Amino acid sequence: MTHDHRPRPEVLRYTAFSADPAGGNPAGVVLDAAGLGEERMLAVAAEVGYSESAFLTERTGEGAYTIRYFSPKAEVPFCGHATVATALALAERDGPGELEFTTPAGQVPVSVVREGGELRATLTSVVPHVEEVGAADLAEALAALDWPAADLDPALPPRIAYAGARHLVLAAATRERLAELDYDFARLEALMRRLDLTTLQLAYREGPELFHVRDPFPVGGVVEDPATGAAAAAFGAYVRELGLVPEATVLTLHQGADMGRPGTLTVELRAGDARVRVSGTGTRIG
């Protein structure tokens, strides 16, 4: 029997998109992951048990880092809440300011400011895109969710949206439909793997710029993600692509309340800039 005698990396635990440690989405953060291989990072993520953990594998300049993200089951190309968590951890160590993360999906700048007693991080996504979803794939997704097609909001048609990771956007016609989430884990996971989806972005539109969202995440080994920055960025691209909001607008996404971990994600769209900005507060856990 062999033993791994390498020192255990220090894992910080932060929640993102809530100033309450019991809200938002928790992430593991390793600020010095230099020398850690993929298997080791995956093992750390599995041990931490959060939907994602982030690892800074290299410092490439002033405020510039290479970052990788792992769920308990696999590496993912981009994770918004773990990016925010890492930025807040760096800001607490080094002070607020401008950061630049090199992710597997591309360059992601993050700005951290202090507002009152809270730190707030704003990430800028890679250039997003939106595509149609095939009728058979949509039918399979609805079957896995046990959602009748009649429960969808016809004003927000299904699409696959990308802003660093791929998400299937499905809009519920009622808040009650969104609240009742009880899906076939294996069936949805199989569809998501085939379509290379990171989460489903389930949404309900309460007002012109106000949405409630939920994100099943079976490919990551968890039933649901409590606050999903990558999906929020993709959702911003989706509503803009379909002309559902003005070219320049700020959206508020409430997520996690149905799980008992409420969080708030702010999504900003700017005229003349295809990228999407997602911001939120956060705090260290424990």
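Which residues in α3 meet which residues in α5? Select both helices and look: Asp137, Glu140, Ala141, Ala143, Ala144 and Leu145 in α3 meet Arg187, Leu188, Leu191, Arg194 and Leu195 in α5, where contact means heavy atoms within 4.5 Å.

Before moving on, some ground rules. You're looking at a predicted model, where local features need pLDDT of at least 70 and side-chain atom pairs count only at pLDDT 80 or more, while totals for chains, interfaces and linings use all residues. Residues are numbered from 1 along each chain as its sequence is written, and side-chain values use heavy atoms, with hydrogens and water left out. Helices (H or I, at least four residues) and strands (E, at least two) are DSSP runs, numbered from the N terminus.

**Stop 1: the helix pair**

Keep α3 (residues 135-145) and α5 (residues 185-195) selected; their axes come within 9 Å and cross at roughly 155°. The axes are lines fitted to C-alpha atoms over the stretch in contact, with angles running from 0 to 180 degrees between N-to-C directions. That crossing makes α3 roughly antiparallel to α5, a label for angles over 145 degrees. The crossing is also left-handed, meaning that the near helix is turned anticlockwise from the far one by less than a right angle.

**Stop 2**

Now select residues 210-217, which form β13. Seven of its eight residues are buried, that is, under 20% relative accessible area with a 1.4 Å probe, protein chains only.

Strands pair if DSSP finds at least two bridges between them. β12 and β13 form a hairpin with two residues between them, and Arg205 stands opposite Phe211.

Next comes β14 (residues 222-225), antiparallel to β13 over three bridges. Here Pro216 has Glu224 as its bridge partner. Four residues separate β13 and β14 in this hairpin, and Gly221 in the turn has a positive phi of about 90°.

Then show β15 (residues 249-255), which pairs with β13 in the parallel sense over four bridges. Phe211 stands opposite Leu253 in β15.

**Stop 3: the cores**

Finish with the largest nonpolar core, which has 60 residues. A nonpolar core is a set of buried Ala, Val, Leu, Ile, Met, Phe, Trp, Tyr and Cys residues joined through side-chain atoms within 4.5 Å. Phe101, Val110, Val112, Val239, Leu253 and Val278 touch the most other members. Apart from this core lies another, of 26 residues, including Val133, Leu168, Leu178 and Leu195.

Conventions. Buried means under 20% relative accessible area, exposed over 50%, partly exposed in between (1.4 Å probe, protein chains only). Angles under 35 degrees count as roughly parallel, over 145 as roughly antiparallel, 65 to 115 as roughly perpendicular and the rest as oblique.
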